[in-house]
Amino acid sequence: ALSWRAPSGEAAGPRSARRLQRAMIIVGIALEILAAGVGTTSKQLIAYSSHVGKPWIFHIGATMNVALGPIIDASAYAFAPQVVVAPFASLDVIFNALTAPYTLRWQEEELTRVHILACVLVAAGAAFTSVLGSVHDETLTVEEVEAQLTKVPSFLYLAIEAGVIIALILCHKQRRFSSRMQGVVLGVVAGILVGNVFCIKCFINIVRSSIVMDDYHAFLRPTPYLLISAAAATSLGGHVFMKRGLGRYKGVFMITIFEGAHITTACLSGDIVMAEMRDAGWWRYVLYWASVWLIIGGVLIINTLAEKSQLRRPMASDPSLPLDGFS
């Protein structure tokens with residue numbers, strides 16, 4: 001794997017390299033926090049557009065959700081390891097829990113002490129993961145990316161993930177779940193799809209290594225194009241499922257389910273597919289995943305507070321939303 005090179009062409013000393021690495025991680029975290037804010041705003045705009053029946057508001061929210069948010073998100077992964085950045089997507093839950101009672105008033109959400117406790121758990125978990133997560137963010141060449149993606153653990157992970165998504169969609173189409181569980185399925189599928197950030201991470205690695213080596217032969221291979229296409233497809237697919245869910249269920253309910261699946265998928269793929277925790281000691285590994293589950297716990301608390309997950313009436317203003325399955 002390639003290491004970062006100083007602009008002057010001279011090798012950076014160990015201390016300056018570590019300082020640069022920390023600075024890049026801070027920038028990556030800041031970008032992910034910004035992406036979380038954009039994500040909250042976009043989802044609330046989508047929900048609001050269905051409520052008032054104004055398509056132009058939906059298109060603004062959709063553009064932010066499909067284009068602006070993923071661009072900022074991808075920029076974050078260019079600066080920091082996936083296992084460090086991904087947990088900060090949970091701040092979307094905090095932003096939504098704090099603002100939904102005011103921005104989505106018709107959904108009759110309330111901000112309680114338990115909400116605040118859950119937000120503290122999410123924030124603490126995200127802070128701990130930033131410290132405990134891997135700080136070894138290598139820049140891989142196209143050959144190394146291909147080798148990483150074709151390892152047995154990567155194949156097994158992707159096969160299991162695909163199986164879970166297909167099973168959930170089939171069960172939803174056959175109406176085997178209650179109304180609340182149908183909302184859970186929509187949020188989980190959307191979160192899993194968007195959580196596959198290793199696609200954009202690998203693409204960024206190829207771009208960075210090509211620039212550092214001043215060798216662009218990687219773009220004569222299909223790998224970078226397959227990766228960016230997969231990243232775009234999963235982002236768009238996640239948006240489609242969230243659009244359907246937000247048209248029928250409360251924003252707090254849907255976004256917490258979405259982010260729980262998103263964070264879990266992103267951290268798992270960073271650990272298994274990208275192997276970013278391979279150099280971590282057992283104690284650091286255990287504490288990292290304990291921090292991730294602290295985030296998930298806070299997310300689940302917020303979700304359980306949404307007792308009436310389904311809106312009083314589906315958003316009839318959006319006829320594209322099927323109420324009993326997928327079209």
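1. A salt bridge here is a side-chain nitrogen of Lys or Arg within 4 Å of a carboxyl oxygen of Asp or Glu. Keep that cut-off in mind, and keep in mind too that this is a predicted model. Take Arg221 and Glu146: their closest N and O atoms are 2.6 Å apart, so the pair counts as a salt bridge under the 4 Å limit. Arg221 sits in the loop between H9 and H10 while Glu146 belongs to helix H6, so this pair ties together parts that are 75 residues apart in sequence.

2. Arg221 has another partner. Its side chain also meets that of Glu143 in a salt bridge, at 3.9 Å from N to O. Glu143 lies in helix H6 (residues 142-149), and the loop that holds Arg221 runs between helix H9 (198-213) and helix H10 (223-246), so here the parts tied together are 78 residues apart in sequence. Because these salt bridges share partners, Glu143, Glu146 and Arg221 join into one network.

3. The structure holds three salt bridges. One of them brings together the side chains of Asp92 and Lys43, with 3.2 Å from N to O. Asp92 is part of helix H4 (residues 91-103) and Lys43 is part of helix H1 (residues 14-52), so the pair links parts that are 49 residues apart in sequence. Buried means under 20% relative accessible area. Asp92 has 2%, so it is buried, and Lys43 also counts as buried, at 5% relative accessibility.

4. Which residues does Lys43 touch, once its neighbours within four places in sequence are left aside? The contacts are Asn65, Asp92, Met242, Leu246, Ile255, Phe258 and Glu259. Asp92 in that list is the salt-bridge partner from the previous point.

5. Now zoom out to the whole chain. It has twelve helices and zero strands, so reading along the sequence you simply get α-α-α-α-α-α-α-α-α-α-α-α. Of its 327 residues, 50% count as buried. The accessible surface comes to about 15,300 Å², and 68% of that belongs to carbon and sulfur atoms. Look also at contacts between residues at least 6 apart in sequence: 84% of these join residues at least 24 apart.

6. Which residues of H5 are buried? They are His115, Ala118, Cys119, Val122, Gly125, Ala126, Thr129 and Leu132. These cover an arc of only 165° around the axis, which puts them on the same side of H5. Look at the spacing in that list and recall a general point: an α-helix has 3.6 residues a turn, so residues three or four places apart point the same way.

7. What does the buried side of H5 pack against? Its buried residues lie against helix H3 (82-85), H4 and helix H12 (282-305). On the other side of H5, Arg113 and Val131 are exposed.

8. There is also a nonpolar patch on the surface. Leu98, Tyr102, Leu111, Ile116 and Val120 form it, and together they have about 460 Å² of accessible area. H4 and H5 each supply at least two residues of the patch. One of its members, Leu98, is found in helix H4; this residue is partly exposed, with a relative accessible area of 37%.

9. How many residues of H11 are buried? The helix is mostly covered, with 19 of its 22 residues buried.

Note on methods: Residues are numbered from 1 along each chain as its sequence is written. This is a predicted model: local features need pLDDT of at least 70, side-chain atom pairs count only at pLDDT 80 or more; totals for chains, interfaces and linings use all residues. Side-chain values use heavy atoms; hydrogens and water are left out. Helices (H or I, at least four residues) and strands (E, at least two) are DSSP runs, numbered from the N terminus. Buried means under 20% relative accessible area, exposed over 50%, partly exposed in between (1.4 Å probe, protein chains only). The arc is that of the directions from the helix axis to the C-beta atoms. Contact means heavy atoms within 4.5 Å. Patches are made of residues with over 30% relative accessible area and no salt bridge: like charges are joined within 9 Å, nonpolar side chains (Val, Leu, Ile, Met, Phe, Trp, Tyr) within 5 Å. Accessible areas come from the Shrake-Rupley method with a 1.4 Å probe; for residues, only the protein chains shown count as cover.
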